[in-house]
Structures are given as structure tokens and as C-alpha cells.
Amino acid sequence: METSTLKKTFFALAAFICLSLIAARMLVPAMVENGKNRVSPHDPYVISDEARALHQSLIIMDWHGDSLLWDRDLAKRSSYGHADLPRMREGNLGIQMFTTVTKAPAGLNIHQNDAQARDNITSLVIAQTWPMRTWGSLKARALYQSARLHELASAYPKQIRVLRNRQDLIEGLAAKANEPGLILALLGSEGGHPLEGEIEALDELYDAGFRMIGLQHFFDNELGGSLHGISKSGLSPFGRQVVQQMNKKGIIIDVSHSSEQVVKEVLELSTKPLVVSHTGLKGYCNSERNIADSLMQNIAKKGGLIAIGFWKEAICDDSPSGIARSIKYGITLLGEDHIALGSDFDGAISTSFDVSELAVLTQALMDQGLNQRQIKKVMGENSLRFLMQQLPEA
């Protein structure tokens, strides 16, 4: 074969490989998420005029959304996934806790996971061409997602504002009076894995804007046992140190995914109330995803919030009426001042509606017989009160 022909063949092959890589970069992450963050097919929901008017009057908060994990431009309306800024505005969501995922098992097994098992997030961040520093560092993954949120807020200041303290919240609420579609954003970490066993990392996360940290996710970690781990143990000495430092710094403690022993020990140790940012209630849905009702009662007695999730593994029935019944059960069990929303949108789950359709939940709560006071509290007032009390001062 002539040299010129060899060169043409080489360049054609190189071009093919480059185009294939570009196509994979563009298509594979979207295909993966499209299969993970699903919305069940349904006819358009019927919302009464009364429910729609009430819904538009609310300031709504969601305590748990994993949208920063995925390779989407959140400023644009997407045809897949659960949440982005346009759909948040359409659903009248006012405040979103953006939670960062850094480590998770394949299949999201809720029964038992070995901390040494393959981490499914590593392959995702590589496929999405995140910076190489994130490939082997859980802290880097959390900080990268924080940077993504701050870059979004910097690019679209009239659409989204990141809150770091109580004064930010006050000013953000005032701004929403003139810009009703403004989304107020907070940063949370799904599990304490990004600390990587170093207490100094807590300062790094705080400086990056994190104001809520879950202690565990699907694996046992340096802080203690996961509800889905091997040991089912309580807090480690490092975990106790982290809880105390979080109290001092004004970082909200989230015990979603924590073992029941961890929850008991945190309740004894913490001087601040706790949040369960996305959960179901075991007395309503006897799932291994949920901790005992008695522990939820103790969290509520100490001023905590229990945020009800929107997916089947947590609430057994993920229809709008099923979510509303779970919330009603929570009000009966814990009182109307201690229930909030924790959708887990974009958390590799299937839901019966996306964030743009949140009005269907207001309708479902009305259908379950909740009065306007209770609906306002659950949808946002309880969360606003909690944030006003627990966020650090300016």
C-alpha cells in the first residue's frame, strides 16, 4: 500500500475514533440518566382552580435533589430527568437543597453493602468527563458539584441564588417578592464520605457552601454505620467529632441512610435538631429504607424535620395520593410542625411526576383532607422556620 494511502487510512481511522468518542460523550451520559431518573407515564393531572391558587401562593422547599450529579445544563428545560430551573419555576418550587452524591453501589441496594464494593459513581464521573481529580477523590467530587452550582448562580443571578447563612435567606426571600421565579439554593452532601476521614475537610466543605451533611449513604464510613451497611454500628470517635464540629459551625445534620444506632447516638450528642432529608415512615411503609417510627418521634421531639420522599422504596406507593397519605400519616405520628418534602428528584429513582408537576401534590393533600394551614407548613413553612433557626448568622 502506498504511503499516501496509508496516511489517508490512518487519518480516516483517527477521525472515526474521535467522532465516536465525541458521540459517546454526548449520548452515553444522557442515555444513562434517562434510564435512571424516570417519570412514570401518566395522563395530564387534573388540578382544581382552588388547588392551583393555593399552590401558587406557597413558598415550597425540597430538602433533597441530586440534579448536580448529572451531565445536564440545569438552566435549560430537559426532556428527561426530574428537575431543572425552568421546571422548578413551572412547579413553583422556591427553595432547593442540592445534594451532592459522591459514592453509591450498583443497583442502590438498600439491604447490605460492603464499603469495599465497586463504586458506581466513579464510572459515571469518568463517562461525563469530570476533571481527573474527581476520579479518585470523593471530596473532589463534592467540591466539583459545589462549583457547578455556584457557576450556575453566577451565570443566571435572576434565576438562582445560593444561600450560605440566615441573612442570605432573608435577602433571598425579599428578592423573590420581585422575582417570583427565583430559586433559592442550598448545598448538602449525601453522606460524610467527602470528609475522607479528615476533620479539616469539614472546613473546606463549609467554605464551599455546604450547609447540610448526611453522615452516611449506602456504605459504612469513617463516621459510623449505614442503615444499608455491614456493621449497623453507631458513631465512631471521628463521627462524634464531626457531629460536634457541625453543631459549632452551623451545618445541619442529616441522618438519612444512617443506622438506627447512629441516629440514637446523634440524638444524644447533638445540641441542634436533626433533619431526615428524604425518607418514608416505617409504620406506613415497612421498608428497609426506613428507620423505626419511635426514632422519628424522638427526632421530632427535639425539634427536627422529617422530609417525605417521592419514590416507591420509601413510601410503598409513589402515586401523588400515596405521597399525600404518607404525609398525612407523618402528621398524625409526629405533628404538623415536623413534616416536610424530600423528593430525591434525580436520585436514580422513578417518580410519578417531575418538579414541574408539583401542584398535583397540593391537590392530593387537599384530597386527603389536610387543611390549608397544614399544607402550607408541610410544603414550606416548616422548612423556612427550621432554616431561620439553624442556618449560621451572616
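In which handedness of crossing, left-handed or right-handed, does helix 2 pass helix 14? Helix 2 passes helix 14 in a right-handed crossing. A crossing is called right-handed if the near helix is turned clockwise from the far one by less than a right angle, and left-handed if anticlockwise.

This report concerns a predicted model, in which local features need pLDDT of at least 70 and side-chain atom pairs count only at pLDDT 80 or more, while totals for chains, interfaces and linings use all residues. Residues are numbered from 1 along each chain as its sequence is written, and side-chain values use heavy atoms, with hydrogens and water left out.

## Helix packing

Helices (H or I, at least four residues) and strands (E, at least two) are DSSP runs, numbered from the N terminus. Axes are lines fitted to C-alpha atoms, for helices over the stretch in contact, and angles run from 0 to 180 degrees between N-to-C directions. The table sets out two helix pairs.

| Helix pair | Angle | Axis separation |
|---|---|---|
| Helix 2 and helix 14 | about 45° | 11 Å |
| Helix 10 and helix 12 | about 65° | 10 Å |

Angles under 35 degrees count as roughly parallel, over 145 as roughly antiparallel, 65 to 115 as roughly perpendicular and the rest as oblique. Helix 10 is therefore roughly perpendicular to helix 12, whereas helix 2 and helix 14 are oblique to each other. The crossing of helix 10 and helix 12 is right-handed.

Contact means heavy atoms within 4.5 Å. Where helix 2 (residues 49-57) packs on helix 14 (residues 372-390), the residues Glu50, Leu54 and His55 of helix 2 meet Gln372, Ile375, Lys376 and Met379 of helix 14. In the other pair, helix 10 contributes Asp293, Met296, Gln297 and Ala300, which meet Tyr329, Leu333 and Leu334 of helix 12.

## The disulfide

A disulfide is a pair of cysteine sulfur atoms within 2.5 Å. How many disulfides does a search of the whole structure find? The search finds 1 disulfide, and it joins Cys285 to Cys316 with an S to S distance of 2.0 Å. The torsion about the S-S bond of these two residues is about 80°, so the disulfide is right-handed. Cys285 lies in the loop between strand 8 (275-279) and helix 10 (293-301), and Cys316 in the loop between helix 11 (312-315) and helix 12 (320-334), so the pair ties together parts that are 31 residues apart in sequence.

Buried means under 20% relative accessible area, exposed over 50%, and partly exposed in between (1.4 Å probe, protein chains only). Cys285 is buried, with a relative accessible area of 1%, whereas Cys316 is partly exposed, at 40%. Cys316 also has a phi near 70°, a positive value in a residue other than glycine.

A positive phi is also found at His257, where the value is near 75°. His257 is in the loop between strand 7 and helix 9, and is buried at 5% relative accessibility.

## Nonpolar cores

A nonpolar core is a set of buried Ala, Val, Leu, Ile, Met, Phe, Trp, Tyr and Cys residues joined through side-chain atoms within 4.5 Å. The largest such core has 82 residues, and those with the most contacts inside it are Ile160, Leu215, Val266, Ile299, Ile306, Ile327 and Leu361. Apart from this core lies another, of 20 residues, among them Trp63, Leu169, Leu305 and Leu387.

Not counting residues up to four places away in sequence, Leu215 touches a set of residues including Leu223, Leu235, Val243, Met246, Val262 and Val266. Val262 and Val266 are among the buried residues of helix 9 (residues 260-269), as are Val263, Glu265, Leu267 and Leu269. The buried residues of helix 9 pack against helix 8 (237-249), strand 7 (252-254) and helix 10.

## Two individual residues

Ser189 is found in strand 5 (residues 183-189) and is buried, with a relative accessible area of 1%. Leaving out residues up to four places away in sequence, Ser189 touches Thr100, Pro194, Phe210, Met212, Ile213 and Gly214. The C-alpha atoms of Ser189 and Glu90 are separated by 26 Å, and these residues are 99 apart along the chain.

Lys249 is in helix 8 and counts as partly exposed, at 21% relative accessibility. Beyond its neighbours within four places in sequence, Lys249 is in contact with Leu202, Asp203, Tyr206 and Pro392. The C-alpha atoms of Lys249 and Thr102, 147 residues apart along the chain, are separated by 22 Å.
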